[in-house]
Each structure stands twice: as structure tokens, then as C-alpha cells.
Amino acid sequence: MTVQTRSITILGAGILGLWQAVTLARAGHRVRLVEASAEPFADCASILAGVMLAPEREAETAPAMLRKYSLEGVAAWRDFYPDVRANGSLVIAAARDLDELDRFSARTEGHRRVSGAELAQLEPDLAGRFGTALFFAEEAHAPAPAALAFLLSAAQEAGVEIVFGETSSGDGADIVVDCRGIAARDDLPTLRGVRGERALIRTREVSLNRPLQLLHPRLPLYIVPWDDGVYMVGATVIESEERGPVSVRSALELLGGAYAVHPAFAEAEILDLCAGVRPAFPDNVPRAVVREGGRRIFVNGAYRHGFLLGPVLARTVADYIEGKPASELLVEHGG
Ligand SMILES: Cc1cc2nc3c(=O)[nH]c(=O)nc-3n(C[C@H](O)[C@H](O)[C@H](O)COP(=O)(O)OP(=O)(O)OC[C@H]3O[C@@H](n4cnc5c(N)ncnc54)[C@H](O)[C@@H]3O)c2cc1C
């Protein structure tokens, strides 16, 4: 079937807008991507993400219907981005919290229990530190700055016209795809912000091959290895739209978590401690909201899943524009 070429303006070059741009341009549409900030990624939630592509671990708290889309998302990243790190991920717990590990195991799929000896093979620097772990072999990760830069250049290569430092209503385009994140709240009254704090630290004293989640009573605490000894330690999940500095309590919990995983993290340099706001709908399910008979489509509410579900939401919108049956991630009106 030949696709009818449409002129499409996308607002916002965060992870959702970039995936829309690449997918719609590759589908044959004329795409213009307009980003308000003058510098790429200067004012988006996406640059703060750990970029864990963790469909199974996220399923512990996410609505059940998201699991199949999350699995599609990780597969799409593996196909698309050659630098995705497909080393799996690990969940560990302090000896006193081993019943938490059993509970996590019962609530998730796609893992196997590994002994302390197997854990030491997977992560030699953790040898002797934890007696058991859950290994999620199919999960993946990537450093956020590199993944976003790759998508931006893929959009350019696909012929997308990219404009920074502008806002636009999209007038003149056949279709506007609105990916403004939390800035779209005026049009999406149920959208809320969920604060996430994270630390970037650097050390050569610890080497990890994959994300580690340390079960913690108050936050999903994880350490994601990026490049050159940099680790992203995240992240709080706080019902607040405050983007101000990280609290002492959160800093203690994040950095204390890293220290509990390996004491050598105590000597790491703190490169950055900051907070962002994740856009979320009340049910924490990201979706495409169609308005004006399809002339305006909001893609938003990515919550903790912007990277994981970005490719799936882009396919959802491309299919809708091509008149294919709508996925349950697409709703008319709503939001
Ligand atoms: C600490 C933390 C850790 C996270 N970890 C992960 C993770 O490991 N995996 C995962 O999948 N997700 C993770 N997330 C969630 C993820 O970051 C978000 O789901 C995602 O960034 C939302 O993307 P977005 O494109 O909707 O919004 P944004 O990234 O905020 O992008 C919106 C863009 O729109 C632009 N804009 C605003 N107004 C206008 C306008 N009028 N015209 C044009 N442009 C405009 C903004 O400048 C911005 O660049 C994490 C989030 C946080 C805070």
C-alpha cells in the first residue's frame, strides 16, 4: 500500500518527539521538528533518564497492559540503535531484605535466580558482596546523551527539517504531533509532573557491565553504567512538579545506595545532582491523544517509560495516520 504523504509538524525534541520524527519521516511523510530550546536537550526530561530499557523490571509497578508494548520497545531499540548495551540487568538486595527479592521475583517475569558465584562471573567487581540476585537477561540500556544524539542525527538523515529555539502552533501543516512533555499541560488537563532526582558520578574503581537495581524500601534505586567510568544513580519518584535542587535526603539515599552496592563508590566524583519532572497521566500509561479529527495528536504521559515506549508510540501514530487499526495506546479526545 502506498502511503499518502502528509506534511507533519512535531513540537518538542525530547525522546518522544525524536522517535516520532524518525518514524514518520521514514514512513514517507514531510516532517518538520520544532524545539523551543536553542540547544538540543537543554530543557527536556529526557536528558536526565538512566535509559534502562527494562520491560520486565518496570512491569513490577507498571499497569499489566504495558508489558507487551515495553517488550516491543526494547526490541525496536535493539534493531535501530547499534550502540544499545544488551547485557541484561540485575536486581540485588541486602542480606536483611532477601524476602524483598523473593517478592520482586514473584511479581516479575523474564528473570532467573543466580547464585553469588554466577553473579561474580557476570559482575566480577561484586564478587563476595551479594549471595544471590535476579538476572533479567533480555533487558538493555544506553547512556541518554548518546542515544538522544543518535536519534537526532537519524532524524536529520531521514530528511527531517529541524528547528531549534522556536515555538510554533504548527499552522499550515496537515498534522501537528505535539510532544511538548509537561509544557502541554494546558491542553491536557489530567497531565501531572512526577519529580525524579538523580546523581551522575564517576569512578575508575568500580566496573559494572549492566544496570543494577538495589531493592530499597522507598525508591527504585538503580545504578546504570554509562561510558568512561560515569554512572547514573537514580531515581526518586515524588508526586511533585518542583524542579528545584535535590534534597539532602534524596542525595543521601541515592549515594548511600551506590555505597551499599560497592564501598569504592565512596571515592567517586559527583558530576551532577539534579531533578527533572516526568510527564504522566493519572494511570501512568503513556498515550497518543487524537484531537481535531486527527489534525492534532498529543503524544505524552511517558512517565518512567519515555525511552522504552518512544518507538511504540511512534509506530502507533504512524499506523493511525495510515488508517491502520488503532492500538489501545491511542485514544480519541481524552487527556
Ligand atoms: C531521573 C529520571 C530518570 C528516568 N529514567 C528513565 C529510564 O531509565 N527509562 C525510560 O524509559 N524513561 C526514564 N525516565 C522518564 C523519561 O525521561 C520521560 O518519560 C521522557 O523524558 C519524557 O519525554 P518527552 O519527550 O515526553 O518530554 P521531554 O523530554 O521533556 O521533551 C519535551 C520537549 O518539548 C520542548 N518544548 C516545550 N514547549 C515547546 C513548544 N511550545 N514548542 C516546541 N518545543 C517545546 C521542551 O523544550 C522539551 O525539549 C526518567 C526520568 C527521570 C526524570
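Aspartate 178 and arginine 296 are both buried. In this predicted model, the two residues form a salt bridge, with their closest N and O atoms 3.4 Å apart. The pair links distant parts of the chain, since aspartate 178 lies in strand S9 and arginine 296 in strand S16, 118 residues apart.

Strand S9 covers residues 175-178. In a regular strand the side chains alternate between the two faces of the sheet. Here both faces are covered: Ile175 and Val177 are buried on one side, and Val176 and Asp178 are buried on the other.

S9 has strand partners as well. Strand S1 (residues 7-11) runs parallel to S9 and is joined to it by 4 bridges; among the paired residues, leucine 11 has aspartate 178 as its bridge partner in S9. Strand S16 (residues 296-300) also pairs with S9 in the parallel sense, over 3 bridges. Valine 177 has isoleucine 297 as its bridge partner in S16.

Side chains of opposite charge can pair when their charged atoms come close. The count for the model comes to 30 salt bridges. One of them joins arginine 32 and glutamate 166, at 3.9 Å from N to O. Arginine 32 is in strand S2 and glutamate 166 in the loop between strand S8 and S9, so this pair ties together parts that are 134 residues apart in sequence. Arginine 32 counts as partly exposed because its relative accessibility is 26%, and glutamate 166 counts as partly exposed at 36%.

Another salt bridge connects arginine 112 and glutamate 118, at 2.8 Å from N to O. With relative accessibility of 42%, arginine 112 counts as partly exposed, as does glutamate 118 at 30%.

Notes
Residues are numbered from 1 along each chain as its sequence is written. This is a predicted model: local features need pLDDT of at least 70, side-chain atom pairs count only at pLDDT 80 or more; totals for chains, interfaces and linings use all residues. Side-chain values use heavy atoms; hydrogens and water are left out. Buried means under 20% relative accessible area, exposed over 50%, partly exposed in between (1.4 Å probe, protein chains only). Helices (H or I, at least four residues) and strands (E, at least two) are DSSP runs, numbered from the N terminus. Two strands pair if DSSP finds at least two bridges between them. A salt bridge is a side-chain nitrogen of Lys or Arg within 4 Å of a carboxyl oxygen of Asp or Glu.
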